[in-house]
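This report looks at one helix and its surroundings. Please keep the sequence and the model in view while reading.

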Amino acid sequence: SRRAMGRAMGLAGVLVGLFLVPAVLVSTSLRHGAPRAEPAPEPAERELASGAVPEDSLWPLPQWLRTSRRQLQLAPARFQLVHGAGSSAGPACGLLQDAFRRYYEYMFGQSRRRRGRRPLGARADPELSQLQVVIESRDPGCHSYPHLASNEAYHLTVTEPVAVLKANEVWGALRGLETFSQLVHEDDYGSFLVNESEIDDFPRFAHRGILLDTSRHYLPLKSILTNLDAMAFNKFNVLHWHIVDDQSFPYQSIYFPELSDKGAYSYNHIYTPTDIRLVIEYARLRGIRVIPEFDTPGHTQSWGKGQKGLLTPCYSGEQPTGSFGPVNPILNTTYNFMTKFFKEISSVFPDAYIHLGGDEVNFDCWKSNPEVKEFMKKQGFGIDYAKLESYYIQKILNIVSSYDKGYIVWQEVFDNKAQLKPETVVQVWMENNYAHELSSVTGAGFTAILAAPWYLDYISYGQDWKKYYSVEPLNFPGSEKQKKLLIGGEACLWGEFVDATNLTPRLWPRASAIGERLWSSWNVTNLQDAYKRLTNHRCRML
């Protein structure tokens, strides 16, 4: 099992997980352009010797794997993770040095098993002394941030006396280190063993995300970091951070500190600039992008507390009711605020993309407001409030574009016919007929991300991971060109009923099913085989 996970997975998750029966566990345990990471792969090849361990241990399953019965022994006192000859990275590559320390700990940290005495005359296995990591690109990427076009491919050869992990960039090396650590296992006598193997691997989709919601319930920093570790164990590469919403505004703004002063649950329930930097760097060291979501014009009640005049006053007849609706789209002050606010967000979050939301806008308050109605007339919008929403969204998109950022929006922005720049990424979240929506979005030439079938906040009795695992993302009407516009998907865990006490056991290993669907070959669909590997993987994550 993954011995450092007391640290990594958090006590709450471990304790809850330990008391679940394995059969139920895999079930109860769990709303973004560029081409796909690689061309659609050939069917995954698995030339596995009967009884060989990797068959039961790897998650997500590599694209190509060959393993033998021959086992090599690893002696923790002697085994080393090192930079191989000819690698463009060396000891100055902090990202890999950090990964070497982390994975050594995962493989050899305090064993939980009581060790028996090895029978007399038992054969000593040949020894594996090193894993040599070779980065082949001239710029290994040690000090950069992962991005949509990052190369996560790797080739791993495990033979006596040294194993070799080759990758073009450090991001592939991180994925290969995870795979290597999964190959290493401990026998009943406390020996660490690995089967001689060869693996050629790369992701099927470039965008493999987890959405965490820190507004409905505040998530302590430790919970977020714990789940970044779990994401790395499952080869996810995007944290979609739905950081603020109606309920609270925990993001501490540098330009507008009153947003969290008045909009957060309390002074303790905030993410300071230091916290944000920590999350971004912790994620970077694991090859994970952090894409923040600041959803407007709806889902903004908490913004109004610290920014007077930002939200639309609602009316009953000719009298204000004292309540407020979405962001007020008719005032210049709104756009002055958004210009300054998104300038800050663009500099705080290094990723090339910001998620701008745009979903579930209730028009009732706009319809009640006499000034908004007058503005609608002037603009020639009639009574089509979707046009007003699009007017607002287009101004926000222009603001964000001016800071050289790409943007992601929820599907309503596309559905309401906002004029979108060609590079807009549309996230499809409505489960009703999502295949048709994917067809429409990609048919219009837009890049898409799929989330609709993977809302993990909906829970049910039994093994619901199978439902998530059985989704085929490309199963929608469209040409080959359209299929290439689907860059991946996200597992979303909305926070209405999730906080630090139940986040980890609700998300994992249910999200692992989506991790394999987005990484492995399209034809890796056998549920029995997946169940066997997933139960082992869950124990390792603990």
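## The buried side of H13

The buried residues of H13 are Val 372, Phe 375 and Met 376, where buried means under 20% relative accessible area with a 1.4 Å probe and protein chains only. They span an arc of only 105 degrees around the axis, taken from the directions from the helix axis to the C-beta atoms, and therefore lie on the same side of H13. An α-helix has 3.6 residues a turn, so residues three or four places apart point the same way.

The face turned away from this buried side carries Glu 371, Lys 377 and Lys 378, which are exposed, that is, over 50% by that area.

## Basis of the model

This is a predicted model, in which local features need pLDDT of at least 70 and side-chain atom pairs count only at pLDDT 80 or more, while totals for chains, interfaces and linings use all residues. Residues are numbered from 1 along each chain as its sequence is written, and side-chain values use heavy atoms, with hydrogens and water left out.

## Packing against H14

The axes of H13 (residues 370-379) and H14 (residues 385-401) come within 11 Å and cross at roughly 85 degrees, which makes H13 roughly perpendicular to H14, a term for angles of 65 to 115 degrees. Val 372, Lys 373, Phe 375, Met 376 and Gln 379 of H13 meet Tyr 385, Leu 388 and Tyr 391 of H14 in this contact, defined by heavy atoms within 4.5 Å.

## The ends of H13

At the N-terminal end, Asn 369 caps H13, with a side-chain oxygen 2.9 Å from the backbone nitrogen of Glu 371. Just after H13, Gly 380 takes a positive phi of about 75 degrees.

Note on methods
Axes fitted to C-alpha atoms, helices over the stretch in contact; angles between N-to-C directions. Helix = DSSP H or I, 4+ residues; strand = E, 2+ residues; numbered from the N terminus. Parallel < 35°, antiparallel > 145°, perpendicular 65-115°, else oblique. Polar contact = N/O pair within 3.5 Å; in protein donor to acceptor, adjacent residues only side chain to side chain.
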